[in-house]
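Biologist: Hi! I'm new to this one, could you walk me through it?

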Amino acid sequence: MNLMNRVVLIGVLKSDFVFSHRRENHNIYQSTVCSKRYSGFLDEIPVFVSEEHLNASLQAGDKVQIFGQYRSNNYNKDGNRHLGLYVSAFAVRKTTHTDNNHIQVDGYVCNTPFLRETPGGRKITEVKIAVNRSHNISDYLPCIFWEKDAEAAAQFAPGDHVTLEGRIQSRIYYPKAAQNENSSDRSDGKGKERIAYEVSVRSFLTDGTNNKEKKPAVSKEKMPSGTGNQDKKPDNEKTASKARKGNLEEFRAMLHKLIDEEIENAGDD
C-alpha cells in the first residue's frame with residue numbers, strides 16, 4: 001500500500017456493489033459507504049473495488065471495513081469538467097467494529113490557499129494537495145483546515161510539502177441556479193443538490209519555508225449553503241490539532257503506527 005495515501009474506513013453499505021467500468025482487464029464495482037461521525041452525521045463516501053478484491057456476498061446494509069487510498073479523477077458532465085473523488089479499496093470485508101473514518105496523506109500544495117470565514121464565523125482554509133502514485137499519476141485532494149490550523153495553512157505556498165491526517169467528509173450544497181425558465185432546479189433560487197467531498201484535517205506537519213510573519217487575509221465570503229455542518233466543530237479531534245514545522249519523518253512514522261494499529265485491530269473480528 002502507498003504509505004503516502006492510506007485510508008481506513010468502517011461504515012454501512014448504502015447499496016449493493018454494482019458494475020461501474022473495466023480497467024486493465026478487471027471489472028470495477030462501485031458502492032457508497034455511510035460512516036457515522038461522533039455527532040451522528042453520516043458521511044457518504046463513494047468506494048470502488050476490483051472484483052478480485054470483492055466479496056460477492058456483500059450487500060446493502062452490511063457493516064464493512066475498507067482499506068485503500070483516496071483518489072481523484074477528472075470527468076466531463078453537462079459540458080463542464082469536474083473532479084471526482086473516491087476511495088479505491090484493496091480490501092473490503094464484513095465487520096462488527098465501530099464506525100471509523102481515517103485518512104493519512106503526504107503530498108504537495110498545488111494551489112494558493114485563501115483563508116475565509118463560514119457564515120457562522122469559523123475560519124476555514126481550503127488547500128488542494130497533490131499526492132503522487134506510480135506511473136507518474138497524481139491525485140488532487142481538497143483538504144480543509146479549521147480555526148488556528150486554517151490560519152497556519154493560509155501561509156502555505158504551491159510546492160510546500162505537507163503530511164496530514166484527518167477524516168473524509170461529504171457535504172451537501174446547492175449552487176445558485178442558472179436563470180433558465182425551463183430549469184428543473186430548486187424554485188427558491190438555489191441549484192440542484194450536489195455533494196462536495198474533502199478531507200477535514202485533524203493534524204498536520206509541514207517543512208515549508210514560507211514567510212510565517214505575513215498575516216493572512218480573512219474573507220467574509222460565504223460558503224455554499226449546505227447541511228450546516230460547516231460551522232460545527234469537526235468531529236475528528238480525539239487529539240487536539242497542532243500545526244507546526246518539524247521532523248516530517250518522525251510525524252509520518254507516528255501516523256503510520258496509528259493507522260497500522262487500526263488495521264490490526266480491525267482484523268480482530
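**A first look around**

Modeller: Happy to! Let's begin with H102: its relative accessibility is 2%, so H102 counts as buried, since the cut-off is under 20%. Keep in mind that this is a predicted model.

Biologist: Which strand is H102 found in?

Modeller: H102 sits in strand 7, which covers residues 100-109.

Biologist: And what does the side chain of H102 make a polar contact with?

Modeller: One partner is the side chain of E165, at 2.9 Å. The side chain of R202 is also a partner of the H102 side chain, at 3.5 Å.

Biologist: Let me zoom out. How many helices and strands does the protein have?

Modeller: There are two helices and 13 strands. The protein has 269 residues, and 45% of them count as buried.

Biologist: Switching to rings: how many aromatic pairs are there in the whole structure?

Modeller: A search turns up five. One of them is F19 with Y29, an edge-to-face pair with 5.9 Å centre to centre and 80° between the planes. F19 belongs to strand 2 and Y29 to strand 3, ten residues apart.

Biologist: Why is the pair of F145 and F204 edge-to-face?

Modeller: Their ring planes are at 85°, and over 60 counts as edge-to-face; the centres are 5.0 Å apart. F145 is in strand 10 and F204 in strand 12, so the pair ties together parts 59 residues apart in sequence.

Biologist: What is the relative accessibility of F145?

Modeller: F145 is at 0%, so it counts as buried. F204 is buried too, at 2%. Ring pairs also link F145 and F204 with F156 into a cluster.

Technical notes: Residues numbered from 1 in each chain as written. Predicted model: local features only at pLDDT ≥ 70, side-chain atom pairs only at ≥ 80, totals over all residues. Heavy atoms only, no water. Helix = DSSP H or I, 4+ residues; strand = E, 2+ residues; numbered from the N terminus. Buried < 20%, exposed > 50% of the residue type's maximum accessible area, 1.4 Å probe, protein only. Polar contact = N/O pair within 3.5 Å; in protein donor to acceptor, adjacent residues only side chain to side chain. Phe/Tyr/Trp six-rings, centres within 6.5 Å; stacked < 30°, edge-to-face > 60°.
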